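Welcome! Here is a short tour of one protein, written for someone meeting such details for the first time. Have a look at the picture, then read on.

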Amino acid sequence: MTKVSMRKSLAALAATGLMLGTIAVPATAQNRDPAYAAARAAGQVGEKMDGYLGYVTPPAPALRAVVEDINIKRKAVYAEKAQANKATVEEYALTSGCLLISQTKPGEKYQAPDGSWQTRSAGAPLRDSRCP
């Protein structure tokens with residue numbers, strides 16, 4: 001798939017998902033595990049471009065278990081939604097990653113397109129060129 005056609009597919013997927021309210025992932029602000037919320041606030045974990053959580057600093061075993069559980073749940077949602085939208089899990093996860101990074105709050109960590117960890121400022125986060 002060419003870069004242009006992939007970008008169009010991702011944009012269409014995002015538009016469809018947003019219109020239908022289907023781009024959703026578990027662990028929203030309302031139901032975050034307290035250990036995860038504390039780690040996110042402390043900058044120990046952040047949103048990755050691939051739609052999953054990543055470790056900014058080496059995690060304690062308990063935090064690793066919480067984050068792995070969230071990522072497993074995200075992958076299940078991505079697989080279900082990707083199938084319903086005739087997309088690959090990777091395409092759906094990337095689109096979700098773009099949206100999750102755009103929803104970070106100032107002070108939270110996210111992965112920049114170059115793979116580095118950035119702290120969200122009041123401005124827009126750095127975006128991957130494939131983001132819709």
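## Words to start with

A residue is called buried when its relative accessible area is under 20%, exposed when it is over 50%, and partly exposed in between, using a 1.4 Å probe and protein chains only. Accessible areas themselves come from the Shrake-Rupley method with a 1.4 Å probe, and for residues only the protein chains shown count as cover.

Please keep in mind that this is a predicted model, in which local features need pLDDT of at least 70 and side-chain atom pairs count only at pLDDT 80 or more, while totals for chains, interfaces and linings use all residues. Residues are numbered from 1 along each chain as its sequence is written, and side-chain values use heavy atoms, with hydrogens and water left out.

## The overall layout

Let us begin with the whole protein. Its secondary structure comes to four helices and four strands, and reading along the sequence gives the pattern α-α-β-β-α-α-β-β. Helices (H or I, at least four residues) and strands (E, at least two) are DSSP runs, numbered from the N terminus.

Of the 132 residues in the protein, 39% are buried. The protein exposes about 7,200 Å², and carbon and sulfur atoms supply 59% of that area. A contact means heavy atoms within 4.5 Å. Among contacts between residues at least 6 apart in sequence, 51% join residues at least 24 apart.

## Salt bridges

How many salt bridges does the count come to? The count comes to six, where a salt bridge is a side-chain nitrogen of Lys or Arg within 4 Å of a carboxyl oxygen of Asp or Glu. One of them pairs R40 with E108, whose closest N and O atoms are 3.1 Å apart. This pair links distant parts of the chain: R40 is in helix α2 (residues 34-41), E108 is in the loop between α4 (89-102) and β3 (109-111), and the two are 68 residues apart. Both R40 and E108 are buried.

Another salt bridge joins R74 to E47, with 2.8 Å between the closest N and O atoms. R74 lies in helix α3 (residues 61-84) and E47 in strand β1 (residues 45-47), so this pair ties together parts that are 27 residues apart in sequence. R74 counts as buried at 1% relative accessibility, and E47 is buried too, with a relative accessible area of 2%. A further salt bridge connects D50 and K48, whose closest N and O atoms are 3.4 Å apart. Here D50 counts as partly exposed at 32% relative accessibility, and K48 is partly exposed with a relative accessible area of 22%. Salt bridges that share partners join R40, E47, R74 and E108 into one network.

## The disulfide

A disulfide is a covalent bond between the sulfur atoms of two cysteines. In this structure a disulfide is counted when a pair of cysteine sulfur atoms lies within 2.5 Å, and a search of the whole structure finds one.

Which cysteines does the disulfide join? The disulfide joins C98 to C131, with an S to S distance of 2.0 Å. C98 lies in helix α4 and C131 in the segment after β4 (117-119), so the pair ties together parts that are 33 residues apart in sequence. The link of C98 and C131 is left-handed, with -85 degrees about the S-S bond. C98 is buried, with a relative accessible area of 7%, and C131 counts as buried at 11%.

## Rings together

Now for the aromatic rings. Rings of Phe, Tyr and Trp (its six-membered ring) pair if their centres lie within 6.5 Å; planes under 30 degrees apart count as stacked, over 60 as edge-to-face and the rest as tilted. The count comes to two aromatic pairs. In one, the rings of Y52 and Y78 have centres 5.4 Å apart and planes at 70 degrees, so the pair is edge-to-face. Y52 is in the loop between β1 and β2 (53-55) and Y78 in helix α3, 26 residues apart. Y52 is buried at 15% relative accessible area, and Y78 is buried at 0%.

Y78 and Y92 form a tilted pair, 5.9 Å centre to centre with 50 degrees between the planes. Y92, in helix α4, is 14 residues from Y78. Together, Y52, Y78 and Y92 form one aromatic cluster.
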